[in-house]
Amino acid sequence: MASINEGTWFAYQLTVTESGRTRSDPTIEKYTVQKIEGQNVLVQKEINGKDVGQFNTTRGHGSCVFDMASLSKRGSENMNTGFGHMYVNIFESAGDGESERIFLGKDNIVFRDIRTRKKSDDVLITETRELCWTSMKL
């Protein structure tokens with residue numbers, strides 16, 4: 001079983017749609033684990049190669065990035081990814097016009113995160129983050 005260590009990084013392609021139509025070109029969000037102290041993790045974030053700062057998470061977060069505290073397991077499936085077929089558990093939450101669905105694989109790796117929210121004019125905004133590269137051997 002592999003583990004996430006200092007220096008491990010994950011790159012996710014972010015696609016944003018508005019009522020099903022692509023709103024902008026996809027971006028790449030790269031998250032690098034800078035420091036691990038016990039359960040606390042410091043993560044560096046880049047967007048399209050530009051540093052946008054650091055934030056604190058825990059080892060319990062999916063990929064040490066995604067807070068899953070409010071999500072519940074809803075099932076599992078075999079998922080086709082850029083790394084081949086992966087068995088994932090599906091976690092979801094919904095309420096107040098927002099929902100989130102995370103596809104979590106072995107070693108606490110998030111392969112896909114889908115967040116949807118309704119704007120005041122009933123337009124649905126969907127953000128999909130898909131794991132495209134990582135320094136971990138999957």
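Student: Which residues line the largest pocket?

Tutor: Some ground rules: this is a predicted model, where local features need pLDDT of at least 70, side-chain atom pairs count only at pLDDT 80 or more, and totals for chains, interfaces and linings use all residues. Numbering runs from 1 along each chain as its sequence is written, and side-chain values use heavy atoms, with hydrogens and water left out.

Tutor: Rolling a probe the size of a water molecule over the atoms shows where empty space is left. Here the lining is Ser93, Ala94, Gly95, Glu98, Ser99, Glu100, Arg115, Thr116, Arg117, Ile125 and Glu127. A pocket is an open set of points on a 1 Å grid over the protein atoms alone, where a 1.4 Å probe fits, with protein on both sides within 12 Å along at least five of seven lines; lining residues have an atom within 4 Å of a point.

Student: What is the volume of the largest pocket?

Tutor: About 180 Å³, taken as the space filled by probe spheres set on the points.

Student: How do strand 6 and strand 7 pair?

Tutor: Strands are DSSP runs of E, at least two residues, numbered from the N terminus, and two of them pair with at least two bridges. Strand 6 (residues 72-81) and strand 7 (residues 84-95) run antiparallel, joined by nine bridges. They form a hairpin with two residues between them, and Ser76 stands opposite Asn89.

Student: Which residues does Ile102 contact, leaving aside neighbours within four places in sequence?

Tutor: Contact means heavy atoms within 4.5 Å. The partners of Ile102 include Phe66, Met68, Asn89 and Phe91.

Methods. Helices (H or I, at least four residues) and strands (E, at least two) are DSSP runs, numbered from the N terminus.
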